[in-house]
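I opened the notebook to log what I looked up. The entries follow in the order I made them.

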There are 2 protein chains.
Amino acid sequence: MCSHSTQPFGDAIWILSFQNNWQKIIQKLMQFFLIMSPYLFCSSLDLLPALSGEESTKCFFQELVNILLNYVSASFRRNSKVLDFHHPHQLKEGLEGFRLELPDQPENLEQLLVDCRDTLKYGIKTGHPRFFNQLSSGLDVIGLAGEWLTSTANTNMFTYEVSPVFILMEEVLLRKMQEIVGWSEEMGDGIFCPGGTISNLYSVHLARYYFFPEVKTKGMTDLPRLTLFTSAHSHYSVKKSAAVLGIGSENVVVVKCDDRGRMIPAELEYSIITAKDKGCVPIYVNATAGTTVYGAFDPIRVIADICERHRLWLHVDAPVPLTLEIEWTLNAWSVTWNPHKMMGAPLQCSAILVKKKGLLQECNQLCAEYLFQTDKHYDTSYDTGDKTIQCGRHVDVFKLWLMWKAKGLEGFGSQVNKCLENAEYLFNKIKQRPDFELVFNSKPEHSNVCFWYIPPSLRNMPPGPERNRRLHEVAPKIKAQMMENGMTMIGYQPLGDKVNFFRCVISNPATQTEDVDFLLEEIARIGQDIKLQLTETN
Amino acid sequence: MCSHSTQPFGDAIWILSFQNNWQKIIQKLMQFFLIMSPYLFCSSLDLLPALSGEESTKCFFQELVNILLNYVSASFRRNSKVLDFHHPHQLKEGLEGFRLELPDQPENLEQLLVDCRDTLKYGIKTGHPRFFNQLSSGLDVIGLAGEWLTSTANTNMFTYEVSPVFILMEEVLLRKMQEIVGWSEEMGDGIFCPGGTISNLYSVHLARYYFFPEVKTKGMTDLPRLTLFTSAHSHYSVKKSAAVLGIGSENVVVVKCDDRGRMIPAELEYSIITAKDKGCVPIYVNATAGTTVYGAFDPIRVIADICERHRLWLHVDAPVPLTLEIEWTLNAWSVTWNPHKMMGAPLQCSAILVKKKGLLQECNQLCAEYLFQTDKHYDTSYDTGDKTIQCGRHVDVFKLWLMWKAKGLEGFGSQVNKCLENAEYLFNKIKQRPDFELVFNSKPEHSNVCFWYIPPSLRNMPPGPERNRRLHEVAPKIKAQMMENGMTMIGYQPLGDKVNFFRCVISNPATQTEDVDFLLEEIARIGQDIKLQLTETN
């Protein structure tokens, strides 16, 4: 049996990067000592539910927690790497003994702990203050605590009988969120979903059911051609939803945007009328509050008027309604809210809010008797699983609930504001620098800042296809080198007629202005070097 | 700042059940001391990423881990309760200070820890050896360790660049699973999904796309009426998928089953021909290996022949293909495999396996440029996110990977076999007892055992509507009392012409024969008392 409860060599050894030989020797020595560890003789069969497995289980978790907390600490340290990049084939070959293949025979606990360390070592520190790659970044330690508890409770959200506390927490959270979007107690329903795309899918699914309830049983075959509207800058999930739901991605009309990435309302109305003229039936408009790339806000008031005029379902895709004007959501029929974005909840945490009470239930319920018995001894309106399309549902609410307790609404507000301030700082910095160019000149409305790095060889080049061709190569090349260096990370993409540019999204409360400075310096430093390659290709 | 690192009073106090007054007094005293705890003066702002927040964060997590590990230990103790039942209104009123409402102002860390304890206290111990309520039960501590790491890594499965290790682990797991279902390396694709219902939805979605690829862009409007086939005993997710995908739940033909809950192949073929005669287009048959309630296995060989004859997509809904004959999956076009069921992976863990390579990608890809850039410096075929309907995707693979390392394939096999043995034990016990009656007399093929408890007043009553009416009330009444007692938990439901009966599903490796005995004794004990009420209603 396992009996040791302290770490044999302390944690420090695990954060050595082993780049030099002498470090490798130390590593090998440590590995030798590790082989002597009592865990070598223990397997998972010695842990609970084994008889007298309690102590071993605690020991094992203590070791694991040390590994995890050291990783957490390292995630926040600026001198630690964001990533230690390796190509797929390298990782598959088994780096320094880290084998991904699955055995037929069990491995011992020591090996499992080593695997845990390696898994973290070769992963990405998404909580690092210099990780700017995604809108979901940061590592909220209270949210993390919430996730640990959630997985320990290991239950399912389909019925009150197996998730009494979590089902009620979901109700409390949804009510609070509905309050924030401006809906009265009589209005409002909702559900937490596995990600924002699924939340958006719910909105289209509900809109279709609202206008054509027979679709649930009869399907789309006898229905007219339904049409959805969303802006050219909106998230691709509206098209994906149309493809999945059997509406068809081509029946999503992509409405033109202005230079800033905002839907042009006149274009929307024109598209609606054109669709009707063609015999199609418009049912749904998606308006975005903070688009994926530009962080743009569609002109909601005018869009809402158009929707009312044409009696269309107005969905608002709003990752963070916290800082929105109430006009954004007050007249929406549904709202997607993703607390796993700027509110910093661990992945995943997304909710679809639906204004019309009862619609979710009507649209989705199938009353499976093995789960949703109506002769239970408690109020079965709390068996919310029949509102969903998923049946079994992961508990995504507890982490958010605990974070809300820890921060209060005010705390969330100042967290979001800090990200917006950092975005403005970045915007101003770029404006001042000759080696960077903004994709659009207006101040960021959200935490997105889009920009090009201009290598010296392009700085005096006149605009045109040749400059664009070269500029298009800059961001991927910088990003490749940046990932090899591993000290920061940012995304890029082309959009419309704009060639590859960087998009910085700031959503990590750990990020400070010094990290923003670092990002720009790192891009410029790498960018200097890639200028030669560009010249050579000339 | 927080400075204490040990628990002030030890853990023992938290498992007291406070049923008597003197215990309440102790509790109050302890609460008083807790108020003196240094955490009272700490908030989440003192934790990371705060400067010098490392120590406080470790302290906070140490306290949390004590709470969680004590809960884990208690989950496996037979003398601890499975649940401490309260009605929704009771929990909402705030039991013993446990408030669900969300504050505007932050609360201190001590309160958060108390909330964590309360959340667990009023929840359900799904890992308890006497929790028989759901097919997903048990608390695999290695799986739990995997979940803790997953949430600490807090990343998203859409691209290799943010999930290098997890994306490769998914590939390794899927390949292994494909090997087990008998598919060669050239065949086979797949993806992990948020639950078995979504996996089944993928299968229908793919079948539709395979036969009518234009559906992705054009939708269902110009398509003929598609028809799906599934047995009367299959999971409701096939109907749900039809409703969501725009096929319509009425276009799912529910094929009759024999007494044992197995699809009758002749009925299937007859239904297919009838559908064709009506001008519908059959595309898909779902065969179940272990139905939800009876645990029945559809006769796969004959069904596969029928599918081949009519050129239909054969989907196999097989929670645990591990113990299946290869004929089950060899000819399937897709397979749903739920490791969160009998393999004991924490929730959620479900995969859809698809035989035809590339189909998932073709069916779902939209090539969003902000995520799936093709000019990245690594092999972008590992950016698997475009294969999915979800975009962002929770990491569900690591826990399974770690469990596989810990147990090996053999370990999983013996775990499943143990559950099957316990099910057979239960079946034999019931057969011997005069106060229980089996719903079907044949041996369990899976871990499900379905039975009635027959109260004394019904034992000599002749079969007929009156006996059925009364018997229908028995299970809900026993379950209600059982939940109030909190010592065990089992599900019930009616099915077809069978009135409410208990369904025991054994999937918890912690369950021993003594727990099976306990379940029957508890039902019989409670059942004795409810007989009076039944007599009164006479």
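I began with A:Arg525 and A:Glu522, whose side chains meet in a salt bridge at 3.1 Å, N to O. I count a salt bridge when a side-chain nitrogen of Lys or Arg is within 4 Å of a carboxyl oxygen of Asp or Glu. The two residues are separated by about one helical turn, because they are three residues apart in helix 17 (residues 513–537) of chain A. A:Glu522 is buried at 5% relative accessible area, while A:Arg525 is partly exposed at 45%. Here buried means under 20% relative accessible area, exposed over 50%, and partly exposed in between, with a 1.4 Å probe and protein chains only.

A note on the source: this is a predicted model, where local features need pLDDT of at least 70 and side-chain atom pairs count only at pLDDT 80 or more, while totals for chains, interfaces and linings use all residues. Residues are numbered from 1 along each chain as its sequence is written, chains are lettered from A and ligands numbered from 1 in the order in which they are written, and side-chain values use heavy atoms, with hydrogens and water left out.

Next I noted the charged pairs elsewhere. Over all chains the count comes to 75 salt bridges. A:Glu466, A:Arg469, A:Arg470, A:Glu473 and A:Lys477 are linked in a network of them.

How many salt bridges lie between chain A and chain B? The count is 18. I looked up three pairs.

- B:Arg77 meets A:Glu54 at 3.2 Å, N to O. The pair crosses from the loop between helix 2 (54–76) and helix 3 (88–93) of chain B to helix 2 (residues 54–76) of chain A. B:Arg77 is partly exposed at 28%, and A:Glu54 is partly exposed at 30%.
- B:Asp222 meets A:Arg225 at 2.7 Å, N to O. B:Asp222 is exposed at 58%; A:Arg225 is partly exposed at 23%.
- B:Glu250 pairs with A:Lys218, the closest N and O atoms being 2.9 Å apart.

Then I turned to the whole interface. In it, 159 residues of chain A are in contact (heavy atoms within 4.5 Å) with 159 residues of chain B. The two chains bury about 13900 Å² between them, 62% of it on carbon and sulfur atoms. Buried area is the accessible area (1.4 Å probe) that two parts lose on being put together, summed over both. A:Leu102, A:His377 and A:Lys405 supply 6% of what chain A buries against chain B, more than any other three residues.

I also checked the cysteines. There are zero disulfides over all chains, a disulfide being a pair of cysteine sulfur atoms within 2.5 Å. A:Cys504 is buried at 0%. For B:Cys367 the closest cysteine sulfur is in B:Cys391, 13 Å away, again too far for a bond.

Seven strands form an open sheet in the order 2-8-7-6-5-3-4, with mixed pairing. Strands pair if DSSP finds at least two bridges between them. Helices (H or I, at least four residues) and strands (E, at least two) are DSSP runs, numbered from the N terminus. The edge strands are strand 2 (189–193) and strand 4 (252–255) of chain B. Strand 3 (residues 226–231) of chain B runs parallel to strand 4 of chain B, joined by four bridges. I found B:Thr230 opposite B:Val254 in strand 4 of chain B.
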